[in-house]
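Please look through the sequence and the structure shown here before reading on. The briefing that follows takes up a few strands and helices one after another, grouped by topic.

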Amino acid sequence: MGRARGHGREPTMSRFARIAAILAGSFVCGCSPAPPPAEPPAGGERIERPSSAASPQPAVSSAIRLVECSETAGLTEPHRDAAAGRYRLIETMGSGLALIDYDADGRLDLFVGQGGTIPPQTEDPRWWSRLYRNEGSMRFRDVTREAGIGFGRYAQGTAVGDVNGDGRDDLFVAGFGRNALYLNRDGIRFEEIAERAGVAGSGWASSCGFADFDGDGDLDLFVVRYLAGTVDENGEPTVRCNASPGRLGYCPPNAFASETCVLYRNRGDGTFEDVSVSSGIAAARCNGLGLAIADLDGDGLLDAFVASDQSPNLLFLNRGEMRFEERALASGVALSENGQTRAGMGVAVGDADGDGAIDLCVTNFFEEGVTLYRNLGAGRFQVTTAASRLLLPTRSKLGFGAGFVDLDGDGSLDLFIANGHINDVSTIGMPYEMESQVFRNLGGGRFADVSTSAGDFFRVKQLGRAAAFGDLDDDGRIDVVMSRLRQPPALLHNRTEGSRSIVLELIGANPSRTAVGTRLRAEISGRAITRWVVGASSYLSTSDRRVDIGLGGASRLDRLEIDWLSGRKTILESLEPGRAIRVEEPRGVEASPRDAMPR
Amino acid sequence: MSLRISDTSAISNERRRHLARLGMISIALGAVLGAISLVYREFRIARLRDEAVAAARRGDWERAAGSVDRLATYRTLDFESIRIRSMAALARRDQLSAARFLGMTPENSPLAAESFEQQGFLLRGLFRLQEAESAFRRSLRLDPERTEARRALVALLGLERRGSEQEVEVWELLQRTPAKVEALRVLAHAGPAIPPDGLPPGLDEGEALTRAIEVEPENAHARAALAHYLRGRGRLEESEAILSGGPSASDAILLERLANRVEAGDSDASARLLEELKAREGIDSDARFHRLRGDHLASVGKFEEALTAYGRSREIDPRGVELRYRIGQARLAAGDTSRAEQDLAYASANRTLEGLVARMPDGAPNPADALEAARLCRMMEREREAEAWAALAGTAGNRR
């Protein structure tokens, strides 16, 4: 247990002590034992897990159970803002999260964005974002100061990736007024190089993501921007609005000017060039918040979908050679089922209906409900929110972060949504704080709201914002981290009984090791499951890039085809649940023509 | 004998004359008394009216009401008396009586249209929406230029989500009102809209409809609209309860029940309700029925059949923006991408129009904005609206 996956430091605890700690943690905060180790499969290298207790018995479908344990985990720093009745819109948008194994010890560490002041007080640690090192057993230690990663501004979105090809994951933090790029120097300390790297940017950046858009092997950076001119040079709001009669509140986005997104091309040395205009990205404006990076039209190139707040969503289809075409309206993802703009916030990405295509679910404003866009292939989408039974249960909520994640390990993607209003309009009968929601995938593209049975957390009203998903204790179950206004982040430990998954870490054969865009097609007892490595999703957040495939009661995964974005293919057979499996993209093999791939 | 006879005759004549005199005196007396009575009655009426007016001026509404009530025993009330009685009822906070008195206004009274308009507002305030609608329509029949009554009617039809009826009234309003932007703004919306200040003061849509149903439990339009409102907030169970409590035979109720099932993703129940509705007389000419049928068919992947249903809905209601988007979606799903793009572009243009019009001031809009609105309407083949915007651009340009 605890063997470093890469360049991390040696574990400081003995194996016995670790097991004891895990058991103690299980008792205190509900941390589950992990499944036993399994033999490495052909073509893949086993990654030892930090825990070693016996796994629970599999079940076809178990009741989803998520237990909030942020306090015992050591996540106690609340999110702050400098609101003071000024109603600057940034104050209510929350901050992002990132799951990043910065020390390469095999455990996902956690970056938690913090609010700020205007102008920023970067020297005051109260306004620093936090980096928490995963100590195992669902316990985290604040390493912000030693890592040098405070930020000190209103932190927004996050992106994780190896921008300079040194084998270590770096961290990009989008901000209000300025971004930061933290270069991972040695798995312990970071160096902020945004200015030098050419990605400091300007304006209000929101979600962001790293992906190799031009196929040259390094990570480019897509940054969504929200609005322009929300505050003046003194930091005061430029427009004042009433949220309810006679009562000031946060203005709707249409009170301000829309923004363009920004695309930075990696020059190959960790510095970037702004190609927003030449790529066509700057040709469209929106009030962008959520971002999804994936091959959405199945042509083997990475596209970008931007969820927009009260203006049409944007879909930038990659036409190759760093050229993009905005096709949201023609693709059916710009508007709601009624042809109306919605207040798009976050976006969940994944195969919601099990048909092998990537669907998108956008969270929206109170009374709008989410919008589920079912991918019909070839860049066509159909709104199936009502038919999926997601429309009515989400109308009474204002959604932000969202993720399609297989929480019960049954092989179908469930849906988690972080909720909370932006304005306190309770005087006119609207809820301000709201319960988060979890929907179980019933198959066939239908969902059931199982929030009330999923744990006490889902009965607590709060101001949910960002949400990130990943297996934080390596027990084969996806956990959830959710940021909240004026509270520490919620850590939802997945305690679903009988859940069993295969966890795969894919390493691309390129300098950045990125596998974003890779498709995995699994066969489990005759059932086909498709998953992707997604470049960005949710709201302001970066989730675990490892891919989780629930076995749904089967004892093993029969066959796995991995279609790398380069055109190469890896086939694995007979995988059993246990430790995470690292799969490296084959090198030195000629890429097969993309059109020969049954994508 | 003969003398006796003649004597008898003489007496008789004398008596006859006497009687005649008496009769004449009686008639004269009667006439005098009648005249006196008539004079007194007129005097009394005038007195009672004066009393009523004086009491009303003093704010002594009880006395004013008493005078008018006594006046009513003499003659049919005139407009002024009705008005005083109505005000007296209002002073007692008896709005319903006030509305009913206003409803008694003779239609040949020069102020009848105003009276019925005020009756409409009182009834709207009491959430007697059907009676309020009748009052506004009565007022407009007498005086089609009464823009406040028309505005109120537009708002009321929007509240009850009666889109096509609302559109008819908006066009009437547009011809007559100086506030053309406001009227065009209602038209720019994809569905029935409630203009600003269109609701009774201090109430939201849900409260207004809830009270309307309390007052008139059989008001199917109000029930359907409230069910729609509740569903829009994710309150499906409450929506169903509202529909269950109403007149089950109403198409409006059944259609709303179907909409609930379609939005809940309950395809089996949707199919059953569609069968039930299909058997009803006149439903084939209901655009919403066909649209909901299309929604159900699209949700179960029957895109070609959905397009047929949407097509029928469009024949009946060619203006439906939401319908065009659904047609585009169904065409996209069916693989007819080029035609889908046209439909989706139509919906997008309407969205742009809505945004543009929402930002316009109520008075004189920027001519460039009005021209852009006209262009968008032309793009959507809504010529009448386009002409209205173009005319407004000209007016606004001249004013500037």
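Strand 34 of chain A, which covers residues 490-494, is mostly covered, since five of its five residues are buried. The model is a predicted one, and the points below should be read with that in mind.

- A490(A), L492(A) and N494(A) point one way from strand 34 of chain A, while L491(A) and H493(A) point the other way, and all are buried. In a regular strand, the side chains alternate between the two faces of the sheet.
- Strand 2 of chain A, made up of residues 66-68, runs antiparallel to strand 34 of chain A and is joined to it by three bridges. Within this pairing, L66(A) has N494(A) as its bridge partner in strand 34 of chain A.
- Strand 33 of chain A, residues 479-484, is also antiparallel to strand 34 of chain A, with three bridges joining the two. Here the bridge partner of V480(A) in strand 34 of chain A is L492(A).
- Strand 33 of chain A and strand 34 of chain A form a hairpin with five residues between the strands, and in this hairpin R486(A) takes a positive phi near 60 degrees.

- Strand 29 of chain A, residues 414-419, is mostly covered, with six of its six residues buried.
- Strand 30 of chain A, residues 437-443, pairs with strand 29 of chain A in the antiparallel sense over three bridges, and I417(A) stands opposite Q437(A) of strand 30 of chain A.

- T394(A) belongs to helix 7 of chain A, which covers residues 391-395. T394(A) has 30 other C-beta atoms within 10 Å and is therefore buried, the cut-off for that label being 20 or more.
- Leaving aside residues up to four places away in sequence, T394(A) touches G369(A), V370(A), G399(A) and I417(A).
- T394(A) and E368(A) are 26 residues apart in sequence, and from C-alpha to C-alpha they are 7.8 Å apart in space.

## An open sheet in chain A

- Four strands of chain A make up an open sheet in the order 20-21-22-23, with antiparallel pairing. Strand 20 (288-294) and strand 23 (323-326) of chain A stand at the edges with a single partner strand each, so one side of each is left without a neighbour in the sheet.
- On average, and with direction ignored, neighbouring strands of this sheet are turned by 25 degrees against each other.
- Strand 22 of chain A, residues 314-320, pairs with strand 23 of chain A in the antiparallel sense over four bridges, and the bridge partner of L317(A) in strand 23 of chain A is E325(A).

## A covered helix in chain B

- Helix 9 of chain B, residues 180-188, is mostly covered, as nine of its nine residues are buried. Among them are K180(B), E182(B) and R185(B), together with V181(B), L184(B) and V186(B).

Terms used. Residues numbered from 1 in each chain as written. Chains lettered and ligands numbered in written order. Predicted model: local features only at pLDDT ≥ 70, side-chain atom pairs only at ≥ 80, totals over all residues. Pairing = 2+ DSSP bridges. Axes fitted to C-alpha atoms, helices over the stretch in contact; angles between N-to-C directions. Buried ≥ 20, exposed ≤ 12 C-beta atoms within 10 Å, placed from the backbone. Contact = placed C-beta atoms within 7 Å.
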